[in-house]
Amino acid sequence: MNERHDDLQEIIDAALREMAAEEGDGFDPQTCNLAEFCRRTGLTRSRARTVRAHGFRALPHGNSGRRTASGVLAGHTGLVDCIP
């Protein structure tokens, strides 16, 4: 459940590697320039803050895996199925 099926984590890791190579030995990801991180990854500033707060891990959306209780047409499926 704690994995994503896109390449966001790879993009984040590549950006951090590039920034660490440019900065040198004293690179701390928690204090990196957020605007530069946004430019390299293409993330919005608010999303970049969230990723940084989670330790630069791309977590799935909070509502992923949830199912709806019932749909709008739940009581009318018989009527809808009968219409040709």
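Trainee: How many disulfides does the structure hold?

Mentor: A disulfide is defined as a pair of cysteine sulfur atoms within 2.5 Å. The sulfur of Cys38 has its closest cysteine sulfur in Cys32, at 9.1 Å, which is too far for a bond. The number of disulfides in the structure is zero.

Trainee: In this predicted model, what pLDDT do local features need?

Mentor: Residues are numbered from 1 along each chain as its sequence is written, and side-chain values use heavy atoms, with hydrogens and water left out. The model is predicted, so totals for chains, interfaces and linings use all residues, side-chain atom pairs count only at pLDDT 80 or more, and local features need pLDDT of at least 70.

Trainee: Is Cys38 buried or exposed?

Mentor: Buried means under 20% relative accessible area, exposed means over 50%, and partly exposed lies in between (1.4 Å probe, protein chains only). Cys32 has 9% relative accessibility and therefore counts as buried. Cys38 has 12% relative accessibility, so Cys38 is likewise classed as buried.

Trainee: How do the elements of the protein chain run from the N terminus on?

Mentor: Helices (H or I, at least four residues) and strands (E, at least two) are DSSP runs, numbered from the N terminus. The protein chain has four helices and zero strands. The order of the elements is α-α-α-α.

Trainee: What share of the 84 residues in the protein chain do buried residues make up?

Mentor: Accessible areas come from the Shrake-Rupley method with a 1.4 Å probe, and for residues only the protein chains shown count as cover. The accessible surface of the chain comes to about 6,500 Å², with 50% belonging to carbon and sulfur atoms. The share of buried residues is 18%.

Trainee: At what angle do the axes of helices H2 and H3 cross?

Mentor: Two packed helices are described by the angle between their axes and the distance between the axes. Axes are lines fitted to C-alpha atoms, for helices over the stretch in contact, and angles run from 0 to 180 degrees between N-to-C directions. The axes of H2 (residues 34-41) and H3 (residues 45-53) come within 10 Å, and their crossing angle is roughly 105°.

Trainee: How is H2 placed relative to H3, roughly parallel or roughly perpendicular?

Mentor: Angles under 35 degrees count as roughly parallel, over 145 as roughly antiparallel, 65 to 115 as roughly perpendicular and the rest as oblique. The crossing of H2 and H3 is at roughly 105°. H2 is therefore, relative to H3, roughly perpendicular.

Trainee: How many charged residues are in the contact of H2 with H3?

Mentor: Contact means heavy atoms within 4.5 Å, and here Leu34, Ala35, Phe37 and Cys38 of H2 meet Arg45, Ala48, Arg49 and Arg52 of H3. Ala, Val, Leu, Ile, Met, Phe, Trp, Tyr, Cys and Pro count as nonpolar, Asp, Glu, Lys and Arg as charged, and the others, Gly among them, as polar. The contact has five nonpolar residues and no polar ones, and its number of charged residues is three.

Trainee: What is the relative accessibility of Phe37?

Mentor: Phe37 belongs to helix H2. Leaving aside neighbours within four places in sequence, Phe37 is in contact with Ile12, Ala15, Leu16, Met19, Leu43, Ala48 and Phe56. Phe37 counts as buried because its relative accessibility is 0%.

Trainee: How far apart in space are Leu16 and Phe37, C-alpha to C-alpha?

Mentor: Leu16 lies in helix H1 and, at 13% relative accessibility, counts as buried. Beyond four places in sequence, Leu16 touches Phe27, Pro29, Phe37 and Phe56. Leu16 and Phe37 are 21 residues apart in sequence, and their C-alpha separation is 7.8 Å.

Trainee: Which residue has a positive phi although it is not a glycine?

Mentor: Most residues other than glycine have a negative phi, and most peptide bonds are trans. The residue in question is found in the loop between H3 and helix H4 (77-82), and counts as buried at 6% relative accessibility. With a phi of about 60°, this residue is Phe56.

Trainee: How far apart in space are Pro29 and Phe56, C-alpha to C-alpha?

Mentor: Pro29 is found in the loop between H1 and H2 and is partly exposed, with a relative accessible area of 28%. Not counting residues up to four places away in sequence, Pro29 touches Leu16, Arg52 and Phe56. Pro29 and Phe56 are 27 residues apart in sequence, with a C-alpha separation of 8.3 Å.
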